[in-house]
Amino acid sequence: MTVLPDDGLSLAAEFPDATHEQWQRLVEGVLRKSGKDVSGSAAEEALSTALEDGLSTRPLYTAREAAPDAGYPGFAPFVRGGGAAGTAASGWDVRQRHATTDPARSNETVLADLENGVTSLWLGVGAGALAVSGLARALDGVFLDLAPVALDAGAEFEPAARELFRLYEERGIAEDTAHGTLGADPLGHEARTGERLDAAAAVELARVCGQRYPNLRALAVDALPYHEAGGSAAQELGASLATGVAYLRELTDAGLSVEAACAQLEFRYAATADQFLTIAKLRAARRLWARVAEVCGAPQAGAQRQHAVTSPVMMSRRDPWVNMLRTTVACLGGGVGGADAVTVLPFDHSLGLPDAFARRIARNTSTILLEESHLARVIDPAGGSWYVERLTDELAHAAWEFFQEIEGAGGQAAALRSGLVGERLAATWAKRSKKLATRREPITGVSEFPNLTERPVEREASPAEPSGGLPRVRRDEAYEALRARSDAHLAATGARPRVFLAALGPAAAHTARASFASNLFQAGGIEAVHDPVSVDATSAAEAFKASGATVACLCSSDGLYEEQAEAVADALKSAGAQRVFLAGRPAEHKAVDAYVFAGCDAVSVLSSTLDHMGVA
């Protein structure tokens, strides 16, 4: 009888450890079979994925991937969490946003959320949202000593804060039981609208909170304007860091200590469907702010309070049900990344005001991750992952570089007003737009697997969002414009524009490329008419005439293209085809007008195709 060692896990103990070099040689063999003759580190680089900010994700991380010591939760540099217990005691704060203009309706949704799992309220107040005078009605029946309130009042942050103070006093709320944030963010408002605000009122609110409301924060450092303008993760972090430093200067110049000033700030970040980047971003943000506090002489004041919001940029208007999946992954990233509060935007956020079903799904997303998946029971569950630790470190360095660039330009206010911030974000978005256009960054339900028969989801229009400053972008905007053209054509003519797929040869020869072409054209609202029985030029031409299409696309294997492409393309044009595409890499085929293939500029192809079809 063999007795196992004490660890009980020695089944592979007699086998020698594999080395990194041995793994690389195996990778070389696999790549060589696919036509890539690379060796050594080049083999590993061939499997790496480029990210924004000059970062990349490698295929393998080991203990060799050194990263600074992350420390312990509750201690500088706070990478592992701002508090010693993290969110393990009670989970993250489930904070839902309310942006209706009707106080009574707002009160109805507020109470419904609080009764069904939400633990704090994020209220839009002021222009385009709830009037300051309606705040009392909206909070009617809310126990303000139990439910923290986070205000988002833009230029009206001071009167909104004073009204909240009045409600605390009127309802007999003890000052030390008032929790939340007043949301004063002059630089964030300027980024949104271009309107400059005096920071003096925000400083005075901070003074009041410091003296009377120990658990209330006066200022918000909102990084969403930079994320929503197309910024990268590092740019979002760098801009938020520069904003936080600007507020620290204002507060300390007014006489507050560094510790007191840091206690008045709450930082807001976007959580995206890239879960690992979201986790690393939140961890890096805490490390960066800890460094600022250390330089200011108050290292233990650097415990950053974080509010993560699922990204509006990633939300699609077509097939919005997929947004439920995106926000679930984003919420997971925010929670695992250590955010103190997480807001899950409803899946129909980009369509207008959410209905009761959408609000229920949004709040239940956090509930499932907390109560059924137990994500908050472990402090910093991603800690120790070589990949996450390395990504956290690299992202922190990239963000610090952008922060230094902003500081070198005179600080966040000067960098906004000079256009530096806007230019950097626009350049990043331009690069990302190319990935979206070529579908290197796919959008499920939009650029990939679109559904032209989907019934549109209609919602009441949301109040107009602040504008005049940095732009707001969406991942789906280019495809949405194409689909809107198709919708207008459908409304005017009763049919969508069509493309005929001339599938040549047996199913094994044409199925893959026919599926690819159908998927691509439908992303632009062009209905694909697939005739799988076209075996020669004559039958293809006859099927084209019966299809009602005005353009065609050949779909088959490279071998059959050599034999039949030119003849079939000529026949299709004789039958009335305005343009003939070929699904495959560009080659010399007469009568073929254009090629569609993986990595082509789908937006450009689809836009020009609609133009040729006369679809306005």
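Student: Which residue lies over the face of W122?

Tutor: This model is predicted. In it, R97 is placed over the face of W122, and its distance from the ring centre is 4.5 Å.

Student: How many aromatic pairs are there?

Tutor: Pairing is judged from the distance between ring centres. By this rule, the count is eleven aromatic pairs. In one case, the ring centres of W400 and F403 are 5.0 Å apart and their planes meet at 55°, so this pair is tilted.

Student: Where do W400 and F403 lie?

Tutor: Both belong to helix α14, which covers residues 386-408. They are three residues apart there, about one turn of the helix.

Student: Is F403 buried or exposed?

Tutor: Buried means under 20% relative accessible area. F403 has 7% relative accessibility and therefore counts as buried. W400, at 24%, counts as partly exposed.

Student: Which residues form an aromatic cluster?

Tutor: One such cluster is made up of Y61, F276 and Y387.

Student: Which residues have the most contacts inside the largest nonpolar core?

Tutor: In soluble globular proteins, nonpolar side chains tend to be buried together. Here the largest nonpolar core contains 107 residues, and L139 and L182 have the most contacts inside it. Helix α9 (residues 233-253) supplies the largest share of this core, eleven residues. There is also a second, separate core of 56 residues, including L504, V551, Y561 and A583.

Student: What does L139 touch, not counting residues up to four places away in sequence?

Tutor: On that basis, L139 touches N107, L121, L123, L144, V149, L164, L167 and R171.

Definitions and conventions. Residues are numbered from 1 along each chain as its sequence is written. This is a predicted model: local features need pLDDT of at least 70, side-chain atom pairs count only at pLDDT 80 or more; totals for chains, interfaces and linings use all residues. Side-chain values use heavy atoms; hydrogens and water are left out. A nonpolar core is a set of buried Ala, Val, Leu, Ile, Met, Phe, Trp, Tyr and Cys residues joined through side-chain atoms within 4.5 Å. Buried means under 20% relative accessible area, exposed over 50%, partly exposed in between (1.4 Å probe, protein chains only). Helices (H or I, at least four residues) and strands (E, at least two) are DSSP runs, numbered from the N terminus. Contact means heavy atoms within 4.5 Å. Rings of Phe, Tyr and Trp (its six-membered ring) pair if their centres lie within 6.5 Å; planes under 30 degrees apart count as stacked, over 60 as edge-to-face and the rest as tilted. A charge sits over a ring if NZ of Lys or CZ of Arg is within 6 Å of the ring centre and within 35 degrees of the ring normal.
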